[in-house]
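Please look over the sequence and the structure shown here before reading the briefing. The points that follow are grouped by topic.

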Amino acid sequence: MYDLNSVTKTYVRRGHTVTALDDTNLEIPDNDFVAIIGPSGSGKTTLLSVLGGMLAPTSGNVFIDGESLYDLSIEERTALRSTKIGFVFQSFNLIPWLTACENVQIPLMLSGQSAERQRSRALEMLDRVGLADRTDHHPSELSQGQQQRVALARTLANDPQVILADEPTGNLDSETREQVMTYLNEFHRDGRTIIMVTHDAGTAAFAKRTIRLVSGVAKSIVSPEAA
Ligand SMILES: Nc1ncnc2c1ncn2[C@@H]1O[C@H](COP(=O)(O)OP(=O)(O)OP(=O)(O)O)[C@@H](O)[C@H]1O
Ligand SMILES: [Mg+2]
């Protein structure tokens, strides 16, 4: 679980200080499914980056399973990130010259698994997101929604406990959006924690609860209708 304690993040650019997160406190238990909403510039991506171990807060502490994320060494934080946390972005960040299967193998390769294990796990994940017949396609040969599903399979290949998603359905039509959310929901039902930034009310409706950021503060927390 996450525990954010008085987290403030300020950016300083040419003498101007922007407070992107302002003394934010937040608890996210295991197996939560949170939608983060709020106007452009309210600090949503900053919050996800802080949660993902990619951006140290200016002050305050971020605990993940009781460990203070930014008191770890860079090596320890990188290791924790690659084992516990998966990312999904609006732009899928697939590598164009690799096939779908090879793209999904990347995190498995980085965590030192054998070539055989990489391939079998990648095929299993692609099958799970309904792309068993597209494993040797390159990203340019896939639809947007299929590319996002490859990205999802890659994120989930290492079985992360937490998935951080920044506008995961931003570029997709409503049918494909529904499909991607169905997979995310399935992984949530498997016990994972999902923290997702979205502008879209239909996408947010998949979450158990919604947190609204206003000027860097987690202002209102809309309580879940069904936990
Ligand atoms: N690297 C940076 N340097 C300076 N200011 C930044 C930087 N990144 C973000 N900001 C500022 O911090 C504030 C929060 O930015 P952030 O990207 O977290 O907003 P957001 O809620 O994700 O917005 P959007 O919905 O447009 O993606 C904004 O005012 C932004 O201009
Ligand atoms: Mg953003």
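The structure is a predicted model, and the secondary structure of its chain comes to seven helices and 10 strands. A compact globule of 227 residues would have a radius of gyration near 17 Å, and the chain, with 18 Å, agrees with that expectation.

**Overall fold**

- Along its principal axes, the C-alpha trace of the chain spans about 50 × 40 × 40 Å.
- Of the 227 residues in the chain, 39% are buried.
- When contacts between residues at least 6 apart in sequence are considered, 69% of them join residues at least 24 apart.

**Shell around ligand 1**

- The residues that surround ligand 1 are Tyr11, Arg13, Val18, Ala20, Gly38, Ser40, Gly41, Ser42, Gly43, Lys44, Thr45 and Thr46, and by class they comprise three nonpolar, seven polar and two charged residues.
- At least two residues of this shell come from each of strand 1 (2–13), strand 2 (16–28) and helix 1 (44–51), with helix 1 giving the most, namely three residues.

**Helix 1**

- Seven of the eight residues of helix 1 are buried, so this helix is largely enclosed by the rest of the structure.
- The buried residues in question are Lys44, Thr46, Leu47, Leu48, Ser49, Val50 and Leu51, and two of them, Lys44 and Thr46, are also listed among the residues surrounding ligand 1.
- Just after helix 1, Gly53 takes a positive phi of about 75°.

- Because 11 of its 13 residues are buried, helix 5 is largely enclosed by the rest of the structure; the buried residues include Gln146, Arg149, Leu152 and Arg154.
- The packing partners of the buried residues of helix 5 are strand 6 (85–89), helix 3 (100–110), helix 4 (115–128), strand 7 (162–166) and helix 6 (174–189).
- Strand 6, one of those partners, has four of its five residues buried and is therefore also largely enclosed by the rest of the structure.
- Strand 6 and strand 7 run parallel and are joined by five bridges, and Phe87 stands opposite Leu164 in strand 7.

- Four strands form an open sheet in the order 2-1-4-5, with antiparallel pairing.
- Strand 2 and strand 5 (67–68) stand at the edges with a single partner strand each, so one side of each is left without a neighbour in the sheet.
- The antiparallel pairing of strand 1 with strand 2 extends over nine bridges, and the bridge partner of Val12 is Thr17 in strand 2.

**Backbone exceptions in loops**

- Most residues other than glycine have a negative phi.
- Asn31, although not a glycine, has a positive phi of about 65°, and it is found in the loop between strand 2 and strand 3 (33–37).
- With 15 other C-beta atoms within 10 Å, Asn31 is partly exposed.
- Asp65 likewise is not a glycine and has a positive phi, of about 50°; its place is in the loop between strand 4 (59–64) and strand 5.
- Asp65 counts as partly exposed, with 13 C-beta neighbours inside 10 Å.

Technical notes. Residues are numbered from 1 along each chain as its sequence is written. Chains are lettered from A and ligands numbered from 1 in the order in which they are written. This is a predicted model: local features need pLDDT of at least 70, side-chain atom pairs count only at pLDDT 80 or more; totals for chains, interfaces and linings use all residues. The radius of gyration is taken over C-alpha atoms; the globule rule is 2.2 Å times the number of residues to the power 0.38. A residue is buried if 20 or more other C-beta atoms lie within 10 Å of its own, exposed if 12 or fewer, and partly exposed in between; C-beta atoms are placed from the backbone. Two residues are in contact if their C-beta atoms, placed from the backbone, lie within 7 Å. A residue is near a molecule or strand if its C-beta atom, placed from the backbone, lies within 6 Å of it. Ala, Val, Leu, Ile, Met, Phe, Trp, Tyr, Cys and Pro count as nonpolar, Asp, Glu, Lys and Arg as charged, and the others, Gly among them, as polar. Two strands pair if DSSP finds at least two bridges between them.
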